[in-house]
Amino acid sequence: MRLGLLILFAILLYACSNSDGTGLSCDSSEKCGIESLPGMVRVSPQDTLVALGTNDALAKFEERPSMLVNINYDFFIGLHEVTCGEFNGLMKDVTGLSLECEGENLPAANLTYFDAVLFANARSKAEGFDTVYTYSASVFDGDNHCTDLDGFAYNPEVNGFRLPTEAEWMYVACRNWNLDSNWTAGNSGNTTHEVCSFAVGENAPCDMAGNVKEWVNDWLGIFRDTLVTNYIGAPDGGALGQRILKGGSYRNEVGSIYLHSRGDVYTVTSSMMANYVGFRLAFGKIPDAIWMNSDGTVETSRVVPIAKASKVRSVTGSFRTKLVFRNDLTGNLAFIDYSSGLLSTVEIDDSLDAYHPDISPDGRRVAFCTGLEGVSGKSALYVRDLNAEGSNLVQLDVKSAAIPRWRVLESGDTVIVYVTDAGNNKDESSFKSASTWQVKFADGKFGTPEKLFDGAFHDGISEDNTLAVTGARLLRARVAKAGSTLNGNAEDELWYNGEQACNASLAKDGSKRTLFLDFGTSTGRRFVGKDYGTHERILIADSTGKLKGSVAAPAGYSFDHSEWAVGGRNLAVATLSNSEGVHEKIVLVNLSDSSVTDLAYGDELWHPALWVGETAASSENYSLNLDSAGVYIENDSDPLLSHKMNLFWSYADSLKVVALGSSRMSMGFNALGITNGPAINLASIPSDMDISLYLAKNYIFNHCGQLEFIVVGLDFDLWSEAGSVNIARNLLSFRGYLYDVDHNFWTDYGADEIKSINRTILEENEFFRPVQRSMGWVEVNEGYSWESDGEYESPFVDDSIWSDNPDSYMRNMIELEELVEIAANKGVHVIGVIFPQSPYYKQTGAYGRHGMRRSHAEQLMEEVKRIGNRHPNFTVMDENKMGDHDYPDSLAYDYDHLNADGGKVLTARIDSLMRTLK
């Protein structure tokens with residue numbers, strides 16, 4: 001046993017002790033509130049610690065170090081995993097999803113995370129509780145599985161049904177952890193069994209170490225060597241949108257099931273489905289819930305992106321859109337970059353109290369101040385890079401500077417306009433005592449400040465320098481006389497009949513329109529034609545102050561902090577305040593059609609600024625739908641192939657070598673190491689010949705006119721799926737692939753246009769730069785070995801007997817030969833690579849990590865040799881040799897993957913083979 005596991009076991013002996021108040025029961029209805037819930041048991045930790053993760057140095061990065069969590073509240077948890085009968089009985093009429101099960105008491109499986117949370121919401125509604133999960137829209141695949149929830153948020157303060165947190169699950173599981181009394185690969189017969197068919201103690205949840213793996217509530221976050229109270233995971237799923245699975249399943253060998261494990265063989269995202277993954281429910285609110293960011297800081301609230309990148313793109317018309325705002329709970333700046341489909345809120349955490357941010361014209365920096373509009377006093381002005389670190393922070397060295405506004409002069413110089421005091425402008429003398437200035441900003445440095453005129457006009461100066469506005473109690477304007485500028489012959493005017501107004505903003509599109517908020521007074525009511533309350537409408541005035549339009553806030557809300565978007569015509573951003581005055585949303589307002597799009601949700605979100613950058617796609621007159629064309633990744637969709645499709649289209653015309661396959665190919669084929677010509681690694685997770693043939697037939701052969709070689713992984717032990725499951729799940733659930741299908745994969749028309757759009761996405765999106773630099777190779781630098789510890793235990797994800805049914809893998813063999821035949825007609829050579837796996841599998845009856853009998857794998861190797869005899873353009877490259885390969889531990893990542901060095905060695909061999917074949 002590993003030393004780390006011994007340490008963890010010692011911790012859990014403490015964390016799982018049944019000392020006073022830590023049992024799985026509740027004998028006081030007054031204390032419990034709810035006396036009982038069908039199929040559930042009350043858990044009363046009462047300030048007991050539970051250890052998450054492990055200190056084992058050989059464990060996965062996301063599983064270490066061990067972190068202690070204090071749970072100081074009671075909750076309910078399901079005695080068993082939700083069954084097929086329970087799921088179908090509730091969901092058939094809710095979403096139309098009905099699972100095909102051989103028995104009602106089998107665990108419900110092959111469900112997405114979203115399917116599970118929708119079931120939790122449905123049970124809450126059915127039993128008269130509030131729903132824990134909120135969302136704005138749902139997305140379903142052809143089988144009625146929920147693959148996405150727009151604007152999804154978990155609300156821990158709500159008392160309803162939900163998934164258990166990882167900490168809750170661990171607390172319960174460590175008291176019932178018995179691998180010998182669970183359905184695993186050694187006793188399951190490679191199938192699920194009725195829940196709780198292994199005897200457990202009274203009121204003890206069953207099947208936590210077997211039957212099916214279980215979704216838990218949390219986003220996958222990192223652990224710290226610390227103590228956290230009421231921990232509920234990370235605030236979001238990070239770059240890949242990763243979730244957590246706990247426990248073992250009927251497919252797992254006992255030696256590969258660990259209490260601290262948090263994932264699966266493949267990356268776990270919310271839309272993932274597998275026939276060995278189900279869930280159990282929990283119930284109860286979590287008081288004073290804590291999220292922990294990637295830097296180890298804890299948060300009592302979080303900001304949730306609501307609108308998808310594709311939705312924002314459809315409104316702004318650009319792939320390059322950024323939102324920055326103040327998190328008023330922390331005083332920090334936060335931002336969301338919509339240039340990729342994977343969204344998260346990034347908060348720049350330091351001691352500066354940041355107000356009124358404004359994004360630079362190039363979208364790379366943000367200016368902000370420490371003073372607040374409407375409040376007199378000193379204010380400091382700063383500029384920093386708009387990134388997670390907030391790097392290159394510089395301060396303007398003046399006595400006071402407030403409300404920064406970027407501006408590009410006719411000379412091409414970039415300046416920042418600011419005022420010396422942003423206080424209440426109602427008093428004329430106080431207003432005139434302040435002044436408006438500008439300062440050049442170049443090469444990350446401030447120039448010498450220059451006074452423009454008296455009066456604090458902090459809400460914008462027009463491009464032609466003839467109009468300036470401000471609104472902080474009154475709507476004031478400085479208007480240049482004909483033929484003059486604001487610095488010359490100009491007069492100050494009082495607009496909006498002198499009625500109270502605020503949150504003014506001058507458009508930066510040359511139209512010289514001003515938007516502002518009012519207090520429902522007579523001038524606004526007469527223009528709108530109806531009564532309304534304070535800040536319930538955004539009003540728009542022309543260059544003379546005459547009202548020209550208005551937009552109403554959504555019912556139950558009022559606007560605040562309204563601003564024109566930079567770079568997007570007729571677009572504005574604002575916060576929405578609820579009836580309690582909480583600024584809980586940031587919205588994008590389309591002034592052309594009065595539509596309001598929710599962008600972010602939180603507790604107190606202030607001072608939003610939106611930047612829309614011009615791209616080739618936004619400046620050209622494309623006929624294709626930019627909300628679908630090239631959109632292969634959406635929030636937590638497949639994190640590997642989807643990144644690479646934009647890369648494929650961008651380089652398709654020049655590619656000579658394309659690699660296809662699974663995670664073994666993704667880590668084992670270094671496209672940059674091929675000397676034969678431009679190469680790309682299009683490996684996906686998961687993958688079998690279904691996806692390889694699909695990509696080859698529909699994309700590669702149709703659009704790679706210079707193609708000479710296809711390198712395809714022959715992963716026999718992954719050929720276990722029945723039918724084209726991977727295609728439906730991992731490709732046709734996302735709009736970019738469906739859009740390609742609807743347009744016949746651009747073989748009739750539109751090829752040049754789709755390539756141009758994808759090049760724009762790739763070039764303008766910093767998120768894809770690492771993929772572009774590696775040409776799709778997933779480089780894993782940290783190598784482990786072919787074995788996980790000194791006392792090797794062969795890990796199996798699947799039982800080897802699955803290959804007793806040849807239908808699945810023979811279908812893959814037929815597809816392989818079809819690929820080879822099409823390639824022959826195109827004059828393309830196919831190299832089939834059998835990747836090395838741990839030599840220790842020779843000691844078992846299985847071919848490798850995913851099972852398959854060794855005898856069946858040998859038969860398939862003979863069959864691929866026969867394909868080679870029939871088709872001279874097909875060459876088999878057996879790098880495994882049934883475990884007798886020459887790849888030492890130093891080239892291995894784990895049981896069946898190469899590390900970066902191993903990938904370079906294998907790629908060099910492929911490259912050498914290509915030279916001989918040419």
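In which order do the strands β17, β36, β37, β38 and β39 form an open sheet? The order is β17-β39-β38-β37-β36, with antiparallel pairing. The views below are taken from a predicted model, in which local features need pLDDT of at least 70 and side-chain atom pairs count only at pLDDT 80 or more, while totals for chains, interfaces and linings use all residues. Residues are numbered from 1 along each chain as its sequence is written, and side-chain values use heavy atoms, with hydrogens and water left out.

**View 1. The five-stranded open sheet that contains β38 and β39.** Strands here are DSSP runs of E with at least two residues, and helices are runs of H or I with at least four residues, numbered from the N terminus. Two strands count as paired if DSSP finds at least two bridges between them. The edges of the sheet are formed by β17 (304-305) and β36 (558-564), each of which pairs on one side only. Within the sheet, β38 (residues 583-590) is joined to β39 (residues 595-601) by six bridges in the antiparallel sense. Leu-588 has Thr-597 of β39 opposite. Strands of a sheet pair through backbone hydrogen bonds, either parallel or antiparallel.

**View 2. The four-stranded open sheet β20-β19-β18-β40.** Pairing in this sheet is antiparallel. Because β20 (346-348) and β40 (605-613) stand at the edges with a single partner strand each, one side of each has no neighbour in the sheet. From one strand to the next the twist averages 20°; axes are lines fitted to C-alpha atoms (for helices, over the stretch in contact), and angles run from 0 to 180 degrees between N-to-C directions. Strand β18 (residues 320-327) and strand β19 (residues 332-337) run antiparallel and are joined by six bridges. Lys-322 stands opposite Asp-337 of β19.

**View 3. Strand β2 and its partner β3.** Strand β2 (residues 48-52) is largely enclosed by the rest of the structure, because five of its five residues are buried. Buried means under 20% relative accessible area, exposed means over 50%, and partly exposed lies in between (1.4 Å probe, protein chains only). Thr-48, Val-50 and Leu-52 are buried on one side of β2, and Leu-49 and Ala-51 are buried on the other. In a regular strand the side chains alternate between the two faces of the sheet. Five bridges pair β2 with strand β3 (residues 67-71) in the antiparallel sense. One of the bridge partners is Ile-71 of β3, which pairs with Thr-48.

**View 4. The disulfide between Cys-84 and Cys-101.** The model has two disulfides, a disulfide being a pair of cysteine sulfur atoms within 2.5 Å. In this one the S to S distance is 2.1 Å. The link of Cys-84 and Cys-101 is left-handed, with -80° about the S-S bond. Cys-84 lies in helix α3 (residues 84-91) and Cys-101 in the loop between α3 and α4 (113-126), so that distant parts of the chain, 17 residues apart, are linked. Cys-84 is buried at 4% relative accessibility, whereas Cys-101 is partly exposed at 31%.

**View 5. The disulfide between Cys-196 and Cys-206.** The two sulfur atoms are 2.0 Å apart. This link is also left-handed, with -80° about the S-S bond. Both Cys-196 and Cys-206 lie in the loop between α5 (166-173) and β10 (213-219), so the pair ties together parts that are 10 residues apart in sequence. Cys-196 is partly exposed, at 31%, and Cys-206 is buried, at 1%.

**View 6. The cysteines Cys-146 and Cys-704.** The closest cysteine sulfur to that of Cys-146 is in Cys-84, 18 Å away and too far for a bond. Cys-146 is buried, with a relative accessible area of 0%. Cys-704 is buried as well, at 6%.

**View 7. Ser-484 in the loop between β30 (467-480) and β31 (490-494).** Ser-484 counts as buried, at 18% relative accessibility. Its side chain reaches the backbone nitrogen of Asn-489 at 2.7 Å. Leaving out residues up to four places away in sequence, Ser-484 touches Thr-466 and Asn-489, where contact means heavy atoms within 4.5 Å.

View 8. The chain averages a pLDDT (the predictor's confidence in each residue, from 0 to 100) of 89, and 92% of the residues score at least 70. Where pLDDT is low, the predicted coordinates should not be read in detail.

Conventions. A polar contact is a pair of N or O atoms within 3.5 Å; within protein, one must be able to donate a hydrogen and the other to accept it, and residues adjacent in sequence count only if both atoms are side-chain atoms.
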